[in-house]
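This report describes one protein chain.

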Amino acid sequence: MSEQKKKSSLLSRLFGNRNKEVDILVEEQIQSPGRMMLDNFLHNRLGMLGLIGFVAIFLFVLIAPYFVPINLGASDATQTHVPPTSGMLKIPNEMKGKVQAIAPGPTFGVGCNTDGDVYIWGYTKITDKIDVGKIPEKVQKANIIDVAAGYDHIVALDDKNNLYVWGNTRLGQDRIPGELKSSRPSAKKEIIQIEAGYQISGALTNTGEAYFWGNGNMTDIDVKKEFQGRIKKIAIATYNYILLLDDGSVAYGGLQKNNAFTNIPENLKSGVVDIAASGDTMAAVKEDGKITVWGNITHGENNVPETESKPVEIYGGRYHYTALMENGDVISWGDNEHKQSTVTSSVNSGDVETVFAGFYQNYAVTKTGEVHTWGLSGHPLGTDDLGRDILTRIIHGGKTTMTVGAIAEAIAIIIGVILGSLAGYFGGTTDLLIMRIAEIIGGLPFLPFALLLSAIIGTRIDVQLRMYLIMVVLGLLSWTGICRLIRAQILAEREKEFVLAAQAMGVKEGTIIFKHILPNVLSILLVEATLGFATCMLTESSLSYLGFGITPPTPTWGNMLTGANNSIVIQQYWWRWVFPSAIFGICTICINLMGDEIRDAVDPKSIGR
């Protein structure tokens, strides 16, 4: 048979209509109930659909965690309640080949081209009412030559030395100092650099003077007079800033005396050619190419990779740095949760002219105007109230939920099969004792019992032990149905001739039960196990949903839905509950479809035989 015919035959068996005129010789080849059940199941479309759906979800949550790691302690205020998006790195076509400046924001990017036009991409909403994507009309009419993106606002500079600020301006982000307003007769200073941070902005003039404005309660925005007139570059972190002076030294420009940024390393007193800032650290490049990082180092910002070429420029993101090398290559280091430190191979072709970096994005512009990007492109399923990626939590939550369901059902099957087999085979006092125990266990109200147990234990055990406890409790309280089913099947099987023959030959009773009788009821056990697995998953999720199961930050599908159990979340942040409930519902439906069709396949009467 040709390969094409084999494939056609396989597809026909899986999804085609079954030929009801079965040859009697084919029937004779069916030598076991298991083979008959398999044959019937393979010709059932709903059963195969459920099997394929379940296997796909199972493999997804089993394999994906190795490629999508999770940091249970992570939270990010810049990424809270971001809807599903994938456009944070997609610069508009109007800017390609004509990039003048790019400034990455937390969830958006802003740039201007050589024509002086401004473009914004990504998720641009700061609040329900503030949207930085709505570019002011006066900005659209101006010839913009530079832009800077802060946490919640944007600053732009035009060719006439005018500054524009839009976005969140409630804390003085648009309160531009009078010295920078060209409308004043005495203002003759040309702005050569603009920067933006958390609720503050800054500008540097051609006279070597720096000015900062915005929320002065959060940041020391007053620059010491001794530095004014000597400044060559400014770099703004979240709440602080540093200055590069004309003598090649680095200085902290504010009035504070004791913080992580005021203690400038001794080797930065001279010979510095460039500076940059991340969220909580500062960095400087010296003439010899050595990079020094200081501040609140928490994400490996000081792990500068060794390179053959000398760094000449440095740029800071939120928790990472990017440097342009003398030979035109680019390196990145620091936090890599969003791949912002993984420079794509296409970048290092030796022709990068400049780099724009910030937050979790990087843009490298080549000499021919081509733009290469790497970093956070978006969140396919959105984020939650702590800035955690929903897709990542669904993957790891599914692994936890399925693990709990599978192990709990395995415990229930082991107990149920052993006790049910003993009760059905021996009968009498053994049967009476086991069935009374099963009735007592089956009479316990599971959810109230589990809630009571959880309340008693409280936070005395960690999340890992809590998960194991839930598995064991679920298994210990879920075996009674399997026990009754196996008992009933064993009672029917023990009176058959093959059992009497085995007894007559002196075969041990344990061997008769578990080797000769039990295999004949495995098909029915498979049905019960399949449906029980779905039930255990639902029970675990119910406990987590009620707040008595596995607690955050460890994700499960149940506690993800618990976090979305809020009218505001349901109305405004639909992605937080739609995606977890959808995959959970699909998984449960697939398991139930599979179980129902296995049950039909076990019963020959269901297919008209």
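Asp76 has a relative accessible area of 9%, so it counts as buried, the cut-off being under 20%. The model is a predicted one.

Asp76 belongs to the loop that runs between α4 (45-67) and β1 (99-104). Once neighbours within four places in sequence are set aside, Asp76 is in contact with Arg318, Tyr360, Leu386 and Gly387.

The strands considered next are β2 and β3. Strand β2 spans residues 108-113 and pairs with β3 in the antiparallel sense, over 5 bridges. Strand β3 covers residues 118-122 and is mostly covered, with 4 of its 5 residues buried.

Values for the chain as a whole are set out below.

| Property of the chain | Value |
|---|---|
| Buried share of the 609 residues | 49% |
| Share of contacts with a separation of 6 or more that join residues 24 or more positions apart | 58% |
| Share of the accessible surface belonging to carbon and sulfur atoms | 55% |

In secondary structure, the chain holds 16 helices and 21 strands, with α4, β1, β2 and β3 among them.

Conventions
Residues are numbered from 1 along each chain as its sequence is written. This is a predicted model: local features need pLDDT of at least 70, side-chain atom pairs count only at pLDDT 80 or more; totals for chains, interfaces and linings use all residues. Side-chain values use heavy atoms; hydrogens and water are left out. Buried means under 20% relative accessible area, exposed over 50%, partly exposed in between (1.4 Å probe, protein chains only). Helices (H or I, at least four residues) and strands (E, at least two) are DSSP runs, numbered from the N terminus. Two strands pair if DSSP finds at least two bridges between them. Contact means heavy atoms within 4.5 Å. Accessible areas come from the Shrake-Rupley method with a 1.4 Å probe; for residues, only the protein chains shown count as cover.
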